[in-house]
Amino acid sequence: MSTTTIDVDETLLAEVAAAAPAVDANTAPASAVLLQLAQRDLLHTGLHRAHETLRPSVDVRPAAELIAAIAEECVSSAFSVWAHRMVLEYLARGHRSNRTAQLFDDLSAGRRVGATAMAAGLKSLAGLGEVDIIATRVADGWSLSGPVAWASNLVPDSVFVAPARTEDGQTLVVWVDTEAPGVTIRSVAGLLALDATASGSLRLEDVAVADDQVLSTDLAAFARDFRPAFLVLQSAFCVGLIRRSLAEATEGLRRGDNPALTGDVQQLTDDVTQLLETWHRLATDVSSGTARELLQLRLDASHLAGRATRLEATLAGGRGYLRTSATSRRFREAAFLPVQSPSEGHLRWELATLPA
């Protein structure tokens with residue numbers, strides 16, 4: 001049962017839990033949960049009229065709690081939801097066009113799947129590299145060439161959002177069909193966890209992008225707009241993993257000689273309580289958080305997920321060491337978080353560059 005503070009359909013969560021072993025074994029796609037959410041009209045909560053003139057809500061609690069609740073059962077599924085939701089956020093916050101509005105509707109209804117490929121853009125803004133995709137002006141729009149090092153939700157007929165730099169120094173943000181001529185997907189298999197997230201790299205060779213696919217011509221301003229929601233919602237799948245592992249660790253105190261670890265569980269509980277207070281506050285108004293608060297939240301959530309899953313594994317004993325156990329799955333899921341963009345190195349770099 002979910003420990004979320006906002007009601008989430010228990011039938012949905014039961015379905016996610018039932019599918020988790022197959023998703024973990026990569027015999028079922030993580031993105032299957034998107035259609036389940038679309039059928040319940042949950043994919044675009046808080047963004048209902050984003051393709052008109054209204055701004056998205058700064059209160060992302062419903063979306064954050066939904067992602068967290070799903071992560072309590074399956075981080076791969078929650079990660080897929082997060083990536084899809086971020087594409088909706090980009091469309092909601094970017095330039096509007098009839099095609100963008102139609103894409104927003106298709107993504108909201110689960111007819112198409114969204115993939116966020118903004119890592120290179122965020123790294124470039126932090127001074128950690130350059131945007132690799134080059135945009136060349138052509139008569140009817142832009143021609144894009146270059147690599148995307150990593151993206152997920154790369155299923156058939158998906159769409160990704162990525163940055164591209166022009167010859168005159170602009171950095172665009174565009175959406176691109178994965179099946180557009182010139183787009184090549186190189187899938188990656190054998191991941192420690194999240195193998196069912198359809199992850200891989202992309203290569204673009206003279207890919208045509210029309211002007212109405214451009215969401216922004218100013219990456220820095222666009223990132224300032226979306227990044228608070230990006231980090232709060234990304235922290236949500238960490239939060240779900242933390243809550244579930246903490247609950248399992250607390251239950252594990254009842255077994256064998258585990259009561260000796262009561263102090264460890266209590267310390268983790270106290271630290272999680274503090275994190276959740278910050279997360280809830282920032283989710284209520286993402287515009288209220290400073291850059292330092294938001295980056296620190298994401299870093300702390302990753303660290304606590306690692307601690308929580310290790311403690312759960314310690315208290316579970318031999319049964320948690322089975323590869324197919326839920327405890328083992330959560331342990332492997334947590335191992336992904338330090339390398340998830342923004343990685344721990346990226347987060348620490350940015351925090352070090354901010355004024356004290």
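Guide: A residue counts as buried when its relative accessible area is under 20%, as exposed when that area is over 50%, and as partly exposed in between. The model is a predicted one, and the values below are computed from it.

Start with Cys74. Its relative accessibility is 1%, so Cys74 counts as buried. Cys238 is buried too, with a relative accessible area of 0%. Are the two joined, or apart? A disulfide is a covalent bond between the sulfur atoms of two cysteines. To count as one here, the two sulfur atoms must lie within 2.5 Å. The cysteine sulfur nearest to that of Cys74 belongs to Cys238 and is 14 Å away, and Cys74 is in no disulfide. Cys238 is likewise in no disulfide, the nearest cysteine sulfur being that of Cys74. A search of the whole structure gives 0 disulfides.

Next come the aromatic rings. A pair of aromatic rings is described by the distance of the centres and the angle of the planes. The structure holds 9 aromatic pairs. In one of them, the ring centres of Phe79 and Phe237 are 5.6 Å apart and the planes stand at 80°, so this pair is edge-to-face. Phe79 is in helix 4 (residues 75-93) and Phe237 is in helix 7, so the pair ties together parts that are 158 residues apart in sequence. Both partners are shielded by the definition given above: Phe79 is buried at a relative accessible area of 4%, and Phe237 is buried at 1%. Ring pairs also join these two into a cluster with Trp82, Tyr90, Phe222, Phe226, Phe230 and Phe336.

Some of these names return in the nonpolar core. The largest such core has 92 residues, and those with the most contacts inside it are Ile70, Trp82, Tyr90, Phe226, Val232, Phe237 and Trp279. Helix 7 (residues 219-252) gives the largest share of this core, 17 residues.

Leaving out residues up to four places away in sequence, Ile70 touches Leu13, Val16, Val33, Leu37, Ser77, Ala78 and Val81.

Now to the charged side chains. Side chains of opposite charge can pair when their charged atoms come close. The whole structure has 25 salt bridges. Arg40 takes part in a salt bridge with Asp9, at 2.9 Å from N to O. This pair links distant parts of the chain, with Arg40 in the loop between helix 2 and helix 3 and Asp9 in the segment before helix 1 (10-24), 31 residues apart. Arg40 also meets Glu15 in a salt bridge, at 3.6 Å from N to O. Here again distant parts are linked, since Glu15 is in helix 1, 25 residues from Arg40. Asp9 is partly exposed at 34%, and Glu15 is partly exposed at 33%.

Thr45 is buried, with a relative accessible area of 19%. That value is under the 20% cut-off, so the residue counts as buried. Apart from neighbours within four places in sequence, Thr45 is in contact with Pro62, Ala63 and Arg85. Arg85 in turn belongs to a network of salt bridges with Glu89, Arg93 and Asp225.

One more salt bridge joins Arg254 and Glu251, at 3.5 Å from N to O. Arg254 is exposed, with a relative accessible area of 69%, whereas Glu251 is partly exposed at 35%.

Last, there is helix 9. Helix 9 (residues 291-316) has 26 residues and reaches 38 Å from its first C-alpha to its last, close to the 38 Å expected at 1.5 Å a residue. Gly317 follows helix 9, and the phi of Gly317 is positive, near 70°.

Notes
Residues are numbered from 1 along each chain as its sequence is written. Side-chain values use heavy atoms; hydrogens and water are left out. Helices (H or I, at least four residues) and strands (E, at least two) are DSSP runs, numbered from the N terminus. The expected span of a helix is 1.5 Å times one less than its number of residues. Buried means under 20% relative accessible area, exposed over 50%, partly exposed in between (1.4 Å probe, protein chains only). Contact means heavy atoms within 4.5 Å. A nonpolar core is a set of buried Ala, Val, Leu, Ile, Met, Phe, Trp, Tyr and Cys residues joined through side-chain atoms within 4.5 Å. A salt bridge is a side-chain nitrogen of Lys or Arg within 4 Å of a carboxyl oxygen of Asp or Glu. Rings of Phe, Tyr and Trp (its six-membered ring) pair if their centres lie within 6.5 Å; planes under 30 degrees apart count as stacked, over 60 as edge-to-face and the rest as tilted.
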